[in-house]
Amino acid sequence: CYIKMSYICIAILRSGMEKEQTHTKRRMLDSRKVLLLEAACVWAIAGGMFAHRGGGMLAVYPDVDWIIVLSCLLCGKAYFIFPFRKIFGKHINRINSLADEKIHIYSFFDAKGYLMMFSMILLGISLRKTGLIPAHVMSYFYLFMGTPLIISSTRFFWEYLNYDNAS
């Protein structure tokens, strides 16, 4: 369901924002600004998926410890402030430094970012399917990880909205 939502979101972003490059026949974006918007949407969808999954897993447990939930959200905010802000900054700088002819629809991550994302998804699915970690503990982790992703997406949206002012 979430994968379909992300494809729909990306398709909406790409519609009307692509141009055909005659010598390579690759789909290219019109600008770095659109790439910032696409990154914001992808990070918002990922953060929303984490928050939704975590909240949904907690909903089946009658004895939810709300102090732990609040702690997860606060720790997620702290996680954004320390390592995630640096990651976010690297992505913004890399997007802004792309040469015009190299702006491709998937350029909001570099190869290392895609490898890290793939590894995290694989680890999360493996932990959930094997049952090594109880579901209620995983739900707290999902809330923890969803928080910095959602905050990062708002920062990407902010960069998108203020792109013309910065350039």
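What is the handedness of the crossing of H2 and H3? The crossing of H2 and H3 is right-handed. A crossing is right-handed if the near helix is turned clockwise from the far one by less than a right angle, and left-handed if anticlockwise.

This is a predicted model, in which local features need pLDDT of at least 70, side-chain atom pairs count only at pLDDT 80 or more, and totals for chains, interfaces and linings use all residues. Residues are numbered from 1 along each chain as its sequence is written, and side-chain values use heavy atoms, with hydrogens and water left out.

**View 1. The whole chain.** The chain has 6 helices and 2 strands. Helices (H or I, at least four residues) and strands (E, at least two) are DSSP runs, numbered from the N terminus. Along the sequence their pattern reads α-β-β-α-α-α-α-α. The chain holds 167 residues, and 35% of them count as buried. Buried means under 20% relative accessible area, exposed means over 50%, and partly exposed lies in between (1.4 Å probe, protein chains only). The accessible surface is about 10400 Å². Carbon and sulfur atoms account for 68% of that surface. These areas come from the Shrake-Rupley method with a 1.4 Å probe; for residues, only the protein chains shown count as cover. Among contacts between residues at least 6 apart in sequence, 78% join residues at least 24 apart. Contact means heavy atoms within 4.5 Å.

**View 2. Helix H2 against helix H3.** The axes of H2 and H3 come within 13 Å and cross at roughly 160 degrees. Axes are lines fitted to C-alpha atoms, for helices over the stretch in contact, and angles run from 0 to 180 degrees between N-to-C directions. H2 and H3 are therefore roughly antiparallel. Angles under 35 degrees count as roughly parallel, over 145 as roughly antiparallel, 65 to 115 as roughly perpendicular and the rest as oblique. From H2, the residues in contact are Arg32, Leu35, Leu36, Trp43 and Leu58. They meet Val69, Phe84, Ile87, His91, Ile92, Ile95 and Asn96 in H3. By class, this contact has 9 nonpolar, 2 polar and 1 charged residues. Ala, Val, Leu, Ile, Met, Phe, Trp, Tyr, Cys and Pro count as nonpolar, Asp, Glu, Lys and Arg as charged, and the others, Gly among them, as polar.

**View 3. Helix H2 against helix H5.** H2 spans residues 32-59. Its axis and that of H5 are 7 Å apart, at an angle of about 160 degrees. H2 and H5 are therefore roughly antiparallel to each other. Their crossing is left-handed. The contact of H2 with H5 divides into 23 nonpolar, 9 polar and 3 charged residues. His52 sits in H2. His52 counts as exposed because its relative accessibility is 52%. His52 and Leu143 are 91 residues apart in sequence, yet 8.2 Å apart in space, C-alpha to C-alpha.

**View 4. Helix H3 against helix H5.** H3 covers residues 66-96 and H5 covers residues 135-161. They pack at an angle of about 40 degrees, with their axes 7 Å apart. That makes H3 oblique to H5. H3 passes H5 in a right-handed crossing. The residues of this contact divide into 19 nonpolar, 4 polar and 3 charged.

View 5. His91 is placed in H3. Is His91 buried or exposed? His91 counts as buried, because its relative accessibility is 8%. Beyond its neighbours within four places in sequence, His91 is in contact with Trp43, Phe108, Phe109, Asp110 and Phe156. Ser152 belongs to H5. At 0% relative accessibility, Ser152 also counts as buried. Its contacts, leaving aside neighbours within four places in sequence, are with Trp43, Phe80, Phe84 and Phe88.

**View 6. Ile103 in its loop.** Ile103 lies between H3 and helix H4 (111-130), in the loop. Ile103 is buried, at 2% relative accessibility. Ile103 and Leu35 are 68 residues apart along the chain, and 8.1 Å separates their C-alpha atoms.

**View 7. His136 in helix H5.** His136 is found in H5. His136 is partly exposed, because its relative accessible area is 32%. Leaving aside neighbours within four places in sequence, His136 is in contact with Leu58 and Tyr61. The C-alpha atoms of His136 and Ala59 are separated by 9.6 Å. Along the chain, His136 and Ala59 are 77 residues apart.
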